[in-house]
Every structure is written in structure tokens, then in C-alpha cells.
Amino acid sequence: MTKHLTVQCLVLSFALSVLGCRSDSRSIEPAGPAASPPAAEPARTSGPLSLQIDREMLRDLRITTTKTEVRPAGEAVSVLGELRVDERRYAEVGSPITARAVRLLASLGDTVVEGQALVELQSGDLAKARADFAVAASRVELASRVLARRRDLAAERITPEREVQEAQSQVSVAEAELRSARAGLQALGVAADEPSAEPSHFTLRTPIAGTVIERSLAVGQMVDPAKPLFEVADLSRLWLVVHAFERDAVRVKVGAAARVTLPAMPGRTFDGTVTLVGSRVEPDSRTVPVRLELSNPGQTLRPGMSATAAIVLSETAGRVLTVPVAALQRVQDQWVVFIP
């Protein structure tokens, strides 16, 4: 049994082929036996042609179809790049002091809210700093009581005014020591009033809401203050950093629209917007970095993925019919597409 396919040859303009290469890549797979006209029956541009193909052959020929699209006319440039996290929605969390990991409270891939605990650490330096703060607080309390007592005695003319002044001086010294001890705790990343069952224990918390995209820590591990332990990012929006040749970069404008496709997600496109055009040409590649911002519904996109962006350079009036570049075939001296 055979299946009848009607083949029409559509002459496409140069603008159609340019815009078609920026369309959805879901379409016809590149060049199969049925992607070009049969040798035994040369294509004719005057009127439709008809081909008959066995149903069993369709599977082997890997013929697929896609819908054409109508888009605004205009010139665009295609550039390659890599997805990155939005640096405004990204945080690295590390220990301010050398410590040992006691308890992990968040894992890779966890969704966290602002202020949520990530890990509990232990440090001898923290225990000493908390002890110094407690001693300083006790001295302030004692000096304040002595001052209050001497003021009462001075009011009854039992204690000379000089002793009241000395007590005031002791209070000032004790308060200064307390402020220094509190600052020492804050330098360690711990609030003076933060409760803790163990003086040597403290908790690291995330400053933003998002997803834990990296964790380089294990229980019992000694942590280095110079290295981040957690990376947290809000993945609802991502950056795509592409590199445009200088001749194209000078024509790219902030706010320009772009269509983004990814090899990892064939058949899907994402809308992006240019938010930054670099002000310096990279000397090695002679390109300019261009940053696009795009939404990430369902967080299907991941930082590090490669992508291609078709950035609109100029817009003209009217709309044009576009097809994927894989659907274009050369017949004699014309570009055509096949329509089932």
C-alpha cells in the first residue's frame, strides 16, 4: 500500500532563508533520501508535483514535519554562548573562620528560603570569643551596680564624689570591652545574642532564597575560610553570555529581542532580551561579550548549557514566512521546501 504525498516547490527569498536558520530546530531532520527531489523525476517549478512513497519507507527515511511561522521582518545575527546564573540572584556561603563541619542541614539540589540553615560548624576560636563576650557583659553589669550603689551613698553624703567618678570610669571601660567582644563575635559571623547549646558551635545560613547548586563539604571536614562551602542561586531567571564579533556588536542594542535555542533541547525556543553589551573587545577572539536575560519556566534550563541566540539587529515593517534551515533544499537554481 502506498501513501500519496503532494510536493510543492516554494521559491524562498534570501530573507526567508536567513530568518529560517534562526527558527525552531524541531523540524525536518537534515538531508535524508526524501529531503531532495528524486533523480528519476527532476523537479519542475511550474505547478505541483506528486511523489508516492511506501508507508514502510517513511520510517527509514526519517521524514518529519513542522509548522511554518510568521515573524516580523528584520535583520538578525546568530551568536553562540553559555548559560550562567543571574549574579544578582546568586550567593556563595562560606565560613568566616577555620572550623569543622558537625552537621549538614542542606543537600545539593535543595530549595531553600532566605535565612535557612545550611550547616552547623564547630570552632575553638568561637568558643573563646563567646567566653570573652560573657566576661565583658558580666563586668559591665558589676560596674553598673557599683556605680548605682556609690551614687546612693554620695546622695547621703557617705561617699565622696570622687568615688562616684571612679565608678563611672569603670563602667565606661567595661562597656568598651563589651563592644569589642561583640565586634569580635560579629567578625566571626555570629550574632552576640544567637542562642547555642554549645559555645563552640555556630550555623551558616543562606542570605537568599533559591536552589543549592553546589556543596563542597562533608561531615567532619575542616573548612577553609577562603573557599565557599555552598553556592545558592535563584534559577527562575538566567543569563546567557554570548560573544559577538565586533562588526555585529556595534549594532546590538540593549533591549533587543532574541530567540534562544539549545542543542540539549531540540524543538524548543526561549525568548531573551539583551541587557548588556560589553564596552571592550576581547583581544584574542576580537569579540564583544553580550549578556541576555531569559526566564526559566520550570527551571528546565541549567547553568553551563550551551545555547545559540538570534539577536534582532534591526526591524522593518511587515512580516515574513519562516521555516527551519533544515527544511531548505536546492532544486536546480532555486531554494524550495516540501509540503505534505
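Predicted model: local features only at pLDDT ≥ 70, side-chain atom pairs only at ≥ 80, totals over all residues.
Local features need pLDDT of at least 70 and side-chain atom pairs count only at pLDDT 80 or more, while totals for chains, interfaces and linings use all residues. Residues are numbered from 1 along each chain as its sequence is written, and side-chain values use heavy atoms, with hydrogens and water left out.

A nonpolar core is a set of buried Ala, Val, Leu, Ile, Met, Phe, Trp, Tyr and Cys residues joined through side-chain atoms within 4.5 Å; buried means under 20% relative accessible area with a 1.4 Å probe, protein chains only. Helices (H or I, at least four residues) and strands (E, at least two) are DSSP runs, numbered from the N terminus.

The largest nonpolar core has 34 residues, and L121 and F202 are among those with the most contacts inside it.

Another core, of 29 residues, lies apart from it and includes V79 and I311.

An open sheet of 4 strands runs in the order β4-β11-β9-β6, with antiparallel pairing (two strands pair if DSSP finds at least two bridges between them). β4 (90-93) and β6 (111-112) stand at the edges, each with a single partner strand, so one side of each has no neighbour in the sheet. β4 and β11 are joined by 4 bridges, and A91 has V232 in β11 as its bridge partner.

The axes of α3 and α4, lines fitted to C-alpha atoms over the stretch in contact, come within 8 Å and cross at roughly 160°.

Terms used. Buried < 20%, exposed > 50% of the residue type's maximum accessible area, 1.4 Å probe, protein only. Axes fitted to C-alpha atoms, helices over the stretch in contact; angles between N-to-C directions.
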